[in-house]
Amino acid sequence: MKVNRNIKTYFLLSTFSGMKFTFFKMLKNLFNKKKMITLNYPEEKYKYSSRFKGTHVLTVKKDGSLRCTACMLCATNCPAQCIKITADEHKDSSVEKYPISYEIDILRCVYCGFCEEACPVDAIRMGPEWQTPDKNGSKFNYDIRYLAYRPQLKGGVESSLDDKERHSWGI
Ligand code: SF4
Ligand code: SF4
């Protein structure tokens, strides 16, 4: 019985000590909002570094066509096997192949960046976007239209191979 009472006292003391800590933290945050380490999401958003690897982007050439040559190196290197590419012969004989379909199953992607590393022509990059919620599962299968021409990309991200001056995200 005596042991039980001691255990109860111990739990009560810990509970009050936890409440005291939380209360003082709350007061500190209320009177010094600038030093708060949390953000009021979604009104306030965290700014990640420029090296952040978020949602993929297929870059474009100056004429707006895809930079990708459908070499399959990204798909071969992808550890999650979530990239599917269908290639076709290009009408221009100086270009060997191009993708008629390029899909990333983003729910399987582990955001490792291997696809970006493997690409020899700067055709796929991982950009600064990280807010990509949706209710419909099929929306997480990103196709060429989404990867290269979604509205946030404002006409597409030019490959640095084609224009060294203009390769900022513009997002
Ligand atoms: S980031 Fe990694 S897992 Fe995701 S598509 Fe690229 S290679 Fe695959
Ligand atoms: S994105 Fe790059 S690595 Fe992947 S198929 Fe296109 S050119 Fe090859």
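This is a predicted model: local features need pLDDT of at least 70, side-chain atom pairs count only at pLDDT 80 or more; totals for chains, interfaces and linings use all residues.

Reader: Which residues come nearest to ligand 2?

Author: There are 13 residues around ligand 2, and C68, C71, C74, C119 and A123 come nearest.

Reader: And ligand 1, how does the shell there divide into nonpolar, polar and charged?

Author: For ligand 1 the shell has 12 nonpolar residues, two polar and no charged. Out of 14 residues around ligand 1, the nearest are C78, C109, C112, F114 and C115.

Reader: OK, zooming out. How many helices and strands does the protein have?

Author: Four helices and five strands. Going along the sequence, the pattern reads α-β-α-β-β-α-β-β-α. The protein is more spread out than a compact globule, because its radius of gyration is 25 Å, well over the 16 Å that the globule rule gives for 171 residues.

Reader: What does the C-alpha trace span along its principal axes?

Author: About 90 × 40 × 30 Å.

Reader: And which domains is the protein divided into?

Author: Domain 1 covers 2–35 and domain 2 covers 56–153. Their centres, taken over C-alpha atoms, are separated by 51 Å.

Reader: What percentage of the residues is buried?

Author: Buried residues are 17% of the 171 in the protein. As for contacts, if you take those between residues at least 6 apart in sequence, 69% of them join residues at least 24 apart.

Reader: Where's the core, then? Which residues have the most contacts inside the largest nonpolar one?

Author: L58, C68, I124 and L147 have the most contacts inside that core, which has 20 residues. At least two residues each are supplied by strand 1, strand 3 (97–105) and helix 4 (144–149). Helix 4 gives the largest share, three residues.

Reader: C68 turns up again there. Remind me where it was before?

Author: C68 is one of the residues that come nearest to ligand 2, and C68 is also among those with the most contacts inside the largest core.

Reader: Nice. What is L147 in contact with, leaving aside its neighbours within four places in sequence?

Author: H56, V57, L58, Y102, I104 and Y142. L58, like L147, is listed among the core residues with the most contacts.

Reader: What about phi? What value does A70 have?

Author: A70 has a positive phi of about 55°, although A70 is not a glycine. M72 also has a positive phi, near 75°, and isn't a glycine either.

Reader: Where does M72 lie?

Author: M72 lies in the loop between strand 1 and helix 2, and A70 is found in the loop between strand 1 and helix 2 too.

Reader: Why does A70 count as buried?

Author: Because A70 has 23 C-beta neighbours inside 10 Å, and the cut-off for buried is 20 or more. M72 has 14 such neighbours, so M72 counts as partly exposed.

Reader: And S65, where is its place?

Author: S65 is in the loop between strand 1 (56–58) and helix 2 (73–77). S65 is partly exposed, with 14 other C-beta atoms within 10 Å. The C-alpha atoms of S65 and A148 are separated by 9.3 Å, while the two residues are 83 apart along the chain.

Reader: Now helix 1. Is K20 buried or exposed?

Author: Exposed: K20, which is found in helix 1, has 10 C-beta neighbours inside 10 Å. From K20 to V157 the C-alpha separation is 52 Å, and the pair is 137 residues apart along the chain.

Reader: Last one. Where is E129's place?

Author: In the loop between strand 4 (124–126) and strand 5 (141–142). E129 counts as partly exposed, with 17 C-beta neighbours inside 10 Å.

Conventions: Residues are numbered from 1 along each chain as its sequence is written. Chains are lettered from A and ligands numbered from 1 in the order in which they are written. A residue is near a molecule or strand if its C-beta atom, placed from the backbone, lies within 6 Å of it. Ala, Val, Leu, Ile, Met, Phe, Trp, Tyr, Cys and Pro count as nonpolar, Asp, Glu, Lys and Arg as charged, and the others, Gly among them, as polar. A residue is buried if 20 or more other C-beta atoms lie within 10 Å of its own, exposed if 12 or fewer, and partly exposed in between; C-beta atoms are placed from the backbone. The radius of gyration is taken over C-alpha atoms; the globule rule is 2.2 Å times the number of residues to the power 0.38. Two residues are in contact if their C-beta atoms, placed from the backbone, lie within 7 Å. Domain bounds come from an automatic or database domain assignment. A nonpolar core is a set of buried Ala, Val, Leu, Ile, Met, Phe, Trp, Tyr and Cys residues joined through C-beta atoms within 7 Å.
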